[in-house]
Amino acid sequence: MALEIVLITGMSGSGKSVALHALEDAGYYCVDNLPPELLPAFVALEHRHHGNRVAIAMDVRSATSLHQVPLELNRLRSAGVSVQSVFLDATIDTLVRRFSETRRRHPLSHDELQQGRRALVQIIELERELLAELREQSHVIDTSSIRASQLQSYVKSLIPADTGQLTLVFQSFAFKRGVPVDADYVFDVRMLPNPHYEPALRDLTGLDGPVADFLRQQPEVAAMRTHIAQFLAHWLDLLDRNHRSYVTVAIGCTGGQHRSVYLVERLAEDFGSRWTALRRHRELDGR
């Protein structure tokens, strides 16, 4: 059986420990804060002694050697190792709030004087620069507006995906809670007829039959579905040939409850026969 490696990386305070625990629950042998220069020897050792599924967390604590990671991952892939890289991200305001709530010191701060908001923002921006290359080569998950249980589910949902094939992640969201920072494409569907204004549908979601029936009858909704599908169909083959592992398509409406949820479900159906298609509903999954 081929060796499977999941690399968890990302911004400090974005939830890497939660993601690593999720992989541990899924049967992976996990190690946190592995120095990049030890990656080849560690992989060889773990393959001999702990089986075929390994999860590794790396972050800015290894800043001086992070530049080695993309090259080492490419070497592992060339050797036949299945490698998935997941980058956890969040907005600056979210990260600042989390550090303030936990009173933890940022790994890049050197003393208490660097823990004020202005200094912390500068440190976070520096961290983002240091991790930019890793982020570019990873599947990004925005943890700004999701709970720990949602993050665990999202990480576990990536594991069965065939790393040799492009995986589409369709995600609904509410514009009033911000655009997901992990989105590759964002489509705004707030101009479509809104079931919120139908008293019988207001408390339901796009997963419910009556809402789906209502939206299915709206010509504008059908047109939006067709246009998004045509756009994606045009570019997905090229993205796949460019060795992209994941593409996140975010569909947003006002509350993330009706229109965006319905379209995510339909688009996942449209593309599920050709590609691996995952569904996420940011505002519903945490209920």
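**Helix H4**

I started with helix H4 (residues 92-102), where Thr-94, Leu-95, Val-96, Arg-98 and Phe-99 are buried. For burial I used under 20% relative accessible area, with exposed being over 50% and partly exposed in between (1.4 Å probe, protein chains only). Helices here are DSSP runs of H or I with at least four residues, strands are runs of E with at least two, and both are numbered from the N terminus. The buried residues of H4 pack against helix H5 (117-130); a contact means heavy atoms within 4.5 Å. After H4 comes Arg-103, and its phi is positive, near 60°.

**Basis of the model**

I noted that this is a predicted model, in which local features need pLDDT of at least 70 and side-chain atom pairs count only at pLDDT 80 or more, while totals for chains, interfaces and linings use all residues. Residues are numbered from 1 along each chain as its sequence is written, and side-chain values use heavy atoms, with hydrogens and water left out.

**Whole chain**

I counted 11 helices and nine strands in the chain. The radius of gyration is 20 Å, close to the 19 Å from the globule rule for 287 residues, so the chain is as compact as a globular protein of that length. The radius is taken over C-alpha atoms, and the rule is 2.2 Å times the number of residues to the power 0.38. Along the principal axes, the C-alpha atoms fill a box of roughly 60 × 50 × 30 Å. Of the 287 residues, 50% count as buried. Among contacts with a separation of 6 or more, 78% come from residues 24 or more positions apart.

**Open sheet**

I then traced an open sheet of four strands, in the order S7-S8-S6-S9 with parallel pairing. Strands S7 (185-188) and S9 (276-281) are at the edges with a single partner strand each, so one side of each has no neighbour in the sheet. The twist averages 20° from one strand to the next. Strands count as paired if DSSP finds at least two bridges between them. S6 (residues 167-174) and S8 (residues 246-253) pair in the parallel sense over eight bridges, and Phe-170 stands opposite Val-249 in S8. Helix H9 (residues 219-241) lies across S6, S7 and S8, at about 170° to S7. Such angles run from 0 to 180 degrees between N-to-C directions, with axes fitted to C-alpha atoms, for helices over the stretch in contact.

**Asp-59**

Last, I looked up Asp-59, in the loop between strand S3 (53-57) and helix H3 (69-78). Asp-59 is buried, at 4% relative accessible area. Leaving out residues up to four places away in sequence, Asp-59 touches Thr-9, Gly-10, Lys-16, Asn-33 and Leu-66.
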